[in-house]
Amino acid sequence: MLSHPKSITKILFLFSILFYTSTGFAQKKQAPPIAEHLNGLDPFPVYKASHKNSFIDSIIYNGPFITFCVHFEKPTSDGHYLFEAVNSEYGWTAETARGLSHPVLIRNIRKNGALISDYLKVTPLDLVFRDKENAMTQISCEFQFWRKDFIHGEAKLSETLIRAYDSKKSTFLQFKGIRIRTKSYPKSLQKEYVEDFSWARNSLLQKITATLNEVPLKLSTTSTVETSMPDNFTAPAYKVQPISQNQLFLKGVWHTATSTVFRVHYYAPPSVYTSTNLNNKGNKKYYIKVGPKKIKMRSIKNILVNQFLLKEELKDKEELKLKKAASIYLLTYDVYFDRLPDDLKRFDLIEGKNLEDMTPFDFYSIQLD
């Protein structure tokens, strides 16, 4: 659950009323996420480049993201190459059956092999070409997208949305017919790849303050836990609030002999300065809602920030709070219930009582069939 500064909340209050009125409380149905166990590196992706000496070196599948590692050449005589911001209409985009997608992040930007920038997001980056002895300058980078936008199995990665359609020969780079890994593929992924989600660095954790029942809690930078889900998990269809569409994900549901487990991911972008609360106390507990019936959760386990273990289990009457500055993180946790009946196929997963100045992590219309 996100807590927001009251000054921001009051400003947004009228906007939220207008928004919900205009949409009739409509919720966008998300497609089922790609199987979590298909994480790894594809070192020989299938594609077709529009220009020679332009390559997709590999595709990385890591949790909620897909990353295209590319390199290409530009004439040194151009004097420079501009990387636009990730949301610019002049920047790189991917096109799938679902529509156009902008990258979440452009990272590991290099010029002739030398690292120029770790990442680029909202500030453009201009690469200046000074080596006049070489006719061409090689550029390499990694384009990171939301993986859920690539569930249809084929994509096109293009240098710009603004193209000279009346030109017989386009100067813009494009990779067509990219084969995306889905639940079945003839060649296996390279298992040696280690997930990092691109921001799992200890320095970012120093910007986050964690408390357990208001007592400071130290984030571990060495201890990690296995985050893979069992092979028999279900990737359900579900709905969330529109303001959480690109941040809150129900990654999977699975049963054990005594429990039903819900794996939740919350992506906190750098623009969010609010705090995140997880509760196992009173009316703030998660519960499953089926008509008038409510089933309360048992506990929250395996709480990780950027894949580093924060707490193994949030026990009864405990409250965990994360506060942060301008950093980004991926919060992962598992919500445990007593084992649900096999015939319970549709329900809501609600994060406790809806409090003022809070955005609850609610999942509506979960479908397990």
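Visitor: Among contacts in the chain between residues at least 6 apart in sequence, what percentage join residues at least 24 apart?

Guide: In this model, which is predicted, the share is 71% of the contacts between residues at least 6 apart in sequence. The secondary structure that goes with this figure consists of 2 helices and 29 strands, and 49% of the 369 residues count as buried. The accessible surface of the chain comes to about 18500 Å², with 53% of that area belonging to carbon and sulfur atoms.

Visitor: What is the strand order in the open sheet of 5 strands?

Guide: The order is 17-29-27-21-22, again with antiparallel pairing. Strand 17 (237–239) and strand 22 (293–296) are the edge strands, each pairing on one side only, and the twist averages 25° from one strand to the next. At one end of the order, strand 21 (residues 286–290) is joined to strand 22 by 4 bridges, the two running antiparallel, and Ile288 stands opposite Ile295 in strand 22.

Visitor: Where does a hairpin show itself, and how many residues lie between strand 15 and strand 16?

Guide: Strand 15 and strand 16 form a hairpin with 2 residues between them, and Asn213 in the turn has a positive phi of about 50°. The two strands run antiparallel, with 3 bridges joining strand 15 to strand 16 (residues 215–217), and the bridge partner of Leu212 in strand 16 is Val215.

Visitor: Which residues touch the most other members of the largest nonpolar core?

Guide: They are Phe262 and Tyr333, in a core of 44 residues. Strand 26 (residues 329–338) supplies the largest share of this core, 6 residues. If residues up to four places away in sequence are not counted, Tyr333 touches Phe262, Arg263, Val264, Leu278, Tyr286, Ile300, Lys301, Asn302, Ile303 and Phe361. Apart from this core lies another, of 30 residues, which includes Phe68, Val70, Phe129 and Cys141.

Visitor: How many disulfides does a search of the whole structure find, and is Cys69 buried or exposed?

Guide: The search finds 0 disulfides. For Cys69, the nearest cysteine sulfur is that of Cys141, 8.9 Å away, whereas a disulfide would need the two sulfur atoms within 2.5 Å. Cys141 likewise is in no disulfide, its nearest cysteine sulfur being that of Cys69. Cys69 is buried, with a relative accessible area of 9%, and Cys141 also counts as buried, at 3% relative accessibility.

Technical notes:
Residues numbered from 1 in each chain as written. Predicted model: local features only at pLDDT ≥ 70, side-chain atom pairs only at ≥ 80, totals over all residues. Heavy atoms only, no water. Pairing = 2+ DSSP bridges. Core = buried A, V, L, I, M, F, W, Y, C linked by side-chain atoms within 4.5 Å. Buried < 20%, exposed > 50% of the residue type's maximum accessible area, 1.4 Å probe, protein only. Contact = heavy atoms within 4.5 Å. Areas by Shrake-Rupley, 256 points an atom, 1.4 Å probe, with all protein chains shown as cover. Axes fitted to C-alpha atoms, helices over the stretch in contact; angles between N-to-C directions.
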